[in-house]
Amino acid sequence: MEFVAKKKILKVSIDGVSHEMRCPTIGERQSFTEKLKDCKPEDAVALYADWFHELGLPKDVLFNFDADDFFDFLDFVTNPKKKSQN
């Protein structure tokens with residue numbers, strides 16, 4: 001018996017332009033959650049932008065999201081079970 005884990009790529013499309021970023025690992029997610037707990041509320045968006053940039057999404061793409069898209073995107077990246085239901 002064998003279990004094989006593969007790195008996953010997320011495709012992000014805004015205004016018809018597609019971008020790819022890798023799915024965060026459990027370790028990256030845990031590290032980010034710790035940083036988020038320690039940051040000031042007004043710094044949260046910049047922290048998310050840095051994290052998503054590390055995962056491969058250009059910051060300018062994130063900053064082109066409106067507020068609803070931004071929160072939907074956060075949910076998409078951080079709740080993998082919901083992605084499979086779409």
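1. How are α1 and α2 oriented to each other, roughly parallel or roughly antiparallel? Keep in mind as you look that this is a predicted model. The axes of these two helices lie 11 Å apart, and the packing angle is about 160 degrees. Angles over 145 degrees count as roughly antiparallel, and α1 and α2 are therefore roughly antiparallel to each other. Their crossing is right-handed. On the α1 side the contact involves E28, R29, F32, K35 and L36, which meet A44, L47, Y48 and W51 of α2.

2. The protein has five helices and two strands, and along the sequence they follow the order β-β-α-α-α-α-α. Taken along the principal axes, the C-alpha atoms fill a box of roughly 50 × 35 × 20 Å. Of the 86 residues, 27% are buried. Among contacts with a separation of 6 or more, 42% join residues 24 or more positions apart.

3. β1 (9-14) pairs with β2 (residues 17-22) in the antiparallel sense, over six bridges. Two pairs to look for are L10 opposite M21 and V12 opposite H19. Both L10 and V12 belong to the covered face of β1, together with I14, while I9, K11 and S13 make up the uncovered face.

4. β1 and β2 form a hairpin with two residues between them. D15 sits in this loop and has a positive phi of about 55 degrees, although D15 is not a glycine. Is D15 buried or exposed? Its relative accessibility is 79%, and the cut-off for exposed is over 50%, so D15 counts as exposed.

5. Now to the interior. In soluble globular proteins, nonpolar side chains tend to be buried together. Here the largest nonpolar core has 19 residues, and the members that touch the most others are M21, Y48, F52, L57, L62, F65 and F73. At least two core residues come from each of β1, α2 (44-54), α3 (59-62) and α4 (67-78). Which element supplies the largest share of this core? That is α2, with five residues.

6. The axes of α2 and α4 come within 13 Å and cross at roughly 50 degrees. An angle between 35 and 65 degrees falls in the oblique class, and α2 and α4 are therefore oblique to each other. The crossing of α2 and α4 is left-handed, whereas that of α1 and α2 is right-handed.

7. Finally, two residues around α3. L62 touches Y48, A49, F52, L57, F70 and F73, leaving out residues up to four places away in sequence. F63 lies in the loop between α3 and α4. Which residues does F63 contact beyond its neighbours within four places in sequence? They are V45 and A49. F63 and V45 are 18 residues apart along the chain, and their C-alpha atoms are separated by 9.2 Å.

Conventions. Residues are numbered from 1 along each chain as its sequence is written. This is a predicted model: local features need pLDDT of at least 70, side-chain atom pairs count only at pLDDT 80 or more; totals for chains, interfaces and linings use all residues. Side-chain values use heavy atoms; hydrogens and water are left out. A nonpolar core is a set of buried Ala, Val, Leu, Ile, Met, Phe, Trp, Tyr and Cys residues joined through side-chain atoms within 4.5 Å. Buried means under 20% relative accessible area, exposed over 50%, partly exposed in between (1.4 Å probe, protein chains only). Helices (H or I, at least four residues) and strands (E, at least two) are DSSP runs, numbered from the N terminus. Contact means heavy atoms within 4.5 Å. Two strands pair if DSSP finds at least two bridges between them. Axes are lines fitted to C-alpha atoms, for helices over the stretch in contact, and angles run from 0 to 180 degrees between N-to-C directions. Angles under 35 degrees count as roughly parallel, over 145 as roughly antiparallel, 65 to 115 as roughly perpendicular and the rest as oblique. A crossing is left-handed if the near helix is turned anticlockwise from the far one by less than a right angle, and right-handed if clockwise.
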